[in-house]
Amino acid sequence: MPRFFFHIRHSCVGVSRDELGLDCPDAETACREAFRAGLDLRHEFAARDQCLQDYSIVIANAAHEVVCELPFFEVFGHRANSEP
């Protein structure tokens, strides 16, 4: 099964790299997993009073090619910071 990596990108600071990755059957499944991860991370960002609009999850394959990028504002819409 292919391995995908879920990096967190900040618009100004750079990328926090996922070194472990996750096995998923395909890129579409990896993108769905990233969406779920975004939902889980929401509370962590809120606890640190970080603006979710500055972040995205970058999904890369084992060859380190970006297959998808999911901005947090797409996960939470315009209410990203108003609901913890």
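How much accessible surface does the chain have, and what percentage of it belongs to carbon and sulfur atoms? The accessible surface comes to about 5,300 Å², and 52% of it belongs to carbon and sulfur atoms; such areas are computed by the Shrake-Rupley method with a 1.4 Å probe.

This is a predicted model, in which local features need pLDDT of at least 70 and side-chain atom pairs count only at pLDDT 80 or more, while totals for chains, interfaces and linings use all residues. Residues are numbered from 1 along each chain as its sequence is written, and side-chain values use heavy atoms, with hydrogens and water left out.

Two helices and five strands make up the elements of the chain, in the order β-β-β-α-β-β-α from the N terminus. Helices (H or I, at least four residues) and strands (E, at least two) are DSSP runs, numbered from the N terminus.

Some values for the whole chain follow.

| Item | Value |
|---|---|
| Span of the C-alpha trace along the principal axes | about 40 × 25 × 15 Å |
| Buried residues | 36% of the 84 residues |
| Contacts between residues 24 or more positions apart | 53% of the contacts with a separation of 6 or more |

Buried means under 20% relative accessible area (1.4 Å probe, protein chains only), and contact means heavy atoms within 4.5 Å.

One residue can be followed in detail. Ala60 is found in strand β4 (residues 55–61) and is buried, with a relative accessible area of 2%. Leaving out residues up to four places away in sequence, Ala60 touches Arg3, Phe4, Phe5, His7, Glu65, Val66 and Val67. The C-alpha atoms of Ala60 and Cys31 are separated by 9.9 Å, and the two residues are 29 residues apart along the chain.

How values were computed. Buried means under 20% relative accessible area, exposed over 50%, partly exposed in between (1.4 Å probe, protein chains only).
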